Protein chains: 2
Amino acid sequence: MTTTPVRALTPVLDTGRTTLGPALRDAVRSHLGEQMSRIAGYHFGWADADGLPTGSWGGKMVRPGLALLSARAAGAPAEDGLPAALAVELVHNFSLVHDDIMDGDETRRGRPTAWTVFGVPDAVLAGDAMATAATSVLLEAPGPGARAATLSLMTATQRMIDGQTADVGFERRDDVTLAECLRMAGDKTGALLGCACSLGAELVGGEQVLVENLRAFGEHIGLAFQLVDDLLGIWGDTERAGKRVGADLWARKKSLPVVAALNAPGSEELRALYLGAEPLTESDVRQVTALVERAGGRDWAQDEAARQITAAEECLAAAPLPGGVRAEFLEIAGFILGRQL
Amino acid sequence: MTTTPVRALTPVLDTGRTTLGPALRDAVRSHLGEQMSRIAGYHFGWADADGLPTGSWGGKMVRPGLALLSARAAGAPAEDGLPAALAVELVHNFSLVHDDIMDGDETRRGRPTAWTVFGVPDAVLAGDAMATAATSVLLEAPGPGARAATLSLMTATQRMIDGQTADVGFERRDDVTLAECLRMAGDKTGALLGCACSLGAELVGGEQVLVENLRAFGEHIGLAFQLVDDLLGIWGDTERAGKRVGADLWARKKSLPVVAALNAPGSEELRALYLGAEPLTESDVRQVTALVERAGGRDWAQDEAARQITAAEECLAAAPLPGGVRAEFLEIAGFILGRQL
């Protein structure tokens, strides 16, 4: 993970970096106890396991950057959206810490995950503490919309949890429909991104039509991101995908292109191979890749991603906001779809 | 767990039972997704693992009963405190679901714990979902103090997390001071009980002096409960303690009477035995029990519990509230200290 492409692509995120990094550290320090602060600091990357500074500023901050922009969309200064930005980033990272435990993932962003360093109990608690702090930070905000914004954040969090639950549950099922899979991705990825895009506006008391259009914009972008992510997981190159290509197939993941293919006519061979219990061989994975493509999974996912991007652009066009802010939203969307969420 | 002593001891809790059980089920159903509702329903006890009704109404509801009473303390009808009651019960149970995972506990209230039935991933998510729902339920309340009450609930939750963190951390340490141990117990048990006693009043816009005194009352009762619980864990009978007597000592738990004894003069033999690495024998545990008593751990804990109860009564006396409500608070406190929290 380098910072250079961030700077090059999106000045708005670069601004976010200088504002958000220190503010996030302050929020963690003032809301979490000592041990929980240490684990959060390690997870965010600004401290090592002993709590010593690493010099890192804590990630790409895409979601909080969107939240700041969303305050500007409602005509307020970016800094008025800061509590929304911090809250969204805390919720996102609470979910990452817990997901890593559930999935047994041992590395994230090239470092050992929190639970491998501090143990499962403290990592569960650190996620809980970050989620709790998110509510406090947002609700303490002086903005007129603090209560409404916090309720929106809880709704998005609940959907994110449902999406993760569905994703976990899909592993045990062989009858997942495309509609279920799209809903899961919308809940798991779309809901919080939609929240990030609208929360700053809601906090500063922006009009409902603005808030709703920004939320829908973010949800469509989130779904497009997930489609692109799933495509790259099968047909991308490893460096760009950020994970081993084919890993999703090896794990028999019910990703969007695969579920589209499994539900297409003539998918008997694919179903027999992918839904079986035998460990897949390398040649099986190559075969699955070909069968998903032949059944139209790749084309469908590419088309659907394009449809979601168009829908996102329409929502943004319908949102009453300054032209410069619209351009910045589109710039960040491009950045996200370039696989940097 | 039988319901008869509840009915006999505290009519207020019995009232709570008929109101709170159905309201809690409604809150879970309307805020949690399908699978998360099922796990929560299983954990609360009103459904079995397949989601079929058990006929149970979901526990003693001590904390939500206190929250309803706290609304009445501020002159409002009990039902105005309902969102506070539900939120406190959701937070308490989110912590139980997560604690059972952390501690590896396989039974609770005589039934297999949620993680043993649904797996760790879904149980982590169910705890997250219950915590998220707690905030939504409270913040949606029409009461004038919804925002302040939600912030108080987050503060209590954060303290509860810190208390659990400290408790987990004590296992690895042999230099835990009595002050640290008291603070841990205050955070882990006192904070949420103090919140339960004051949250209804805060939600309905009760005076600050009332809210603060009720909170302090609950914190002192929580600490007294923990002291009694620790005493019973060493010198009680198994039925009353609700767990195997001596289990805390076998596990070398840094409970309050033990930490008092470890820090007393002349505790060398106790320290050598209890802080060693060798597994304890039955005769060791008998010896530890005698040494903790000889070092004054039992007397100190009994005296401290009495001090906490006196302090609680003083806080209640200082709270401006109707005499009948005061009597009910004392009745529930007696019920709690009779080991029914």
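Reader: How many residue pairs are in polar contact between chain B and chain A?

Author: The count is 10 residue pairs, with both residues at pLDDT 80 or more. Keep in mind that this is a predicted model.

Reader: And how many salt bridges are there between chain B and chain A?

Author: Zero salt bridges are counted between the two chains.

Reader: Which elements of chain B touch chain A?

Author: Look for elements that give two or more residues to that side. In chain B they are α3 (34-44), α5 (82-103), α7 (120-139) and α8 (146-170). The most comes from α8(B), with 12 residues.

Reader: How do the residues on that side of chain B divide into nonpolar, polar and charged?

Author: There are 17 nonpolar, 13 polar and six charged residues on the side of chain B that touches chain A.

Reader: How much area do chain B and chain A bury between them?

Author: About 3000 Å², and 67% of it lies on carbon and sulfur atoms. In chain B, the residues that lose the most area to chain A are B:Leu139, B:Arg147 and B:Gln158. Together they account for 20% of what that side buries.

Reader: How many residues does each chain bring to the contact?

Author: Chain B brings 36 residues, and chain A brings 36 residues.

Reader: Why do the copies meet through the same surface?

Author: Compare the interface residues of the two chains. Here 100% of those in chain B are also interface residues in chain A, so the same surface is used by the copies.

Reader: How do I read the relation between two copies?

Author: Start from the general idea. Two copies of a chain are related by a rotation about an axis and a shift along it. Now the case here.

Reader: Now single residues. Is B:Leu256 buried or exposed?

Author: The cut-off for buried is under 20% relative accessible area. B:Leu256 has 1% relative accessibility, so this residue counts as buried. B:Leu256 is found in helix α13 (residues 256-262) of chain B.

Reader: Which residues is B:Leu256 in contact with, leaving aside neighbours within four places in sequence?

Author: Among them are B:Leu178, B:Cys181, B:Leu182, B:Gln226 and B:Trp300. B:Gln226 is 30 residues apart from B:Leu256 along the chain, yet their C-alpha atoms are separated by 8.2 Å.

Reader: Where is A:Ser198 found?

Author: In helix α9 (residues 178-203) of chain A. A:Ser198 is buried, at a relative accessible area of 0%. Leaving aside neighbours within four places in sequence, A:Ser198 is in contact with A:Ser70, A:Val211, A:Leu214 and A:Arg215.

Conventions:
Residues are numbered from 1 along each chain as its sequence is written. Chains are lettered from A and ligands numbered from 1 in the order in which they are written. This is a predicted model: local features need pLDDT of at least 70, side-chain atom pairs count only at pLDDT 80 or more; totals for chains, interfaces and linings use all residues. Side-chain values use heavy atoms; hydrogens and water are left out. Contact means heavy atoms within 4.5 Å. Buried area is the accessible area (1.4 Å probe) that two parts lose on being put together, summed over both. A salt bridge is a side-chain nitrogen of Lys or Arg within 4 Å of a carboxyl oxygen of Asp or Glu. A polar contact is a pair of N or O atoms within 3.5 Å; within protein, one must be able to donate a hydrogen and the other to accept it, and residues adjacent in sequence count only if both atoms are side-chain atoms. Helices (H or I, at least four residues) and strands (E, at least two) are DSSP runs, numbered from the N terminus. Ala, Val, Leu, Ile, Met, Phe, Trp, Tyr, Cys and Pro count as nonpolar, Asp, Glu, Lys and Arg as charged, and the others, Gly among them, as polar. Buried means under 20% relative accessible area, exposed over 50%, partly exposed in between (1.4 Å probe, protein chains only).
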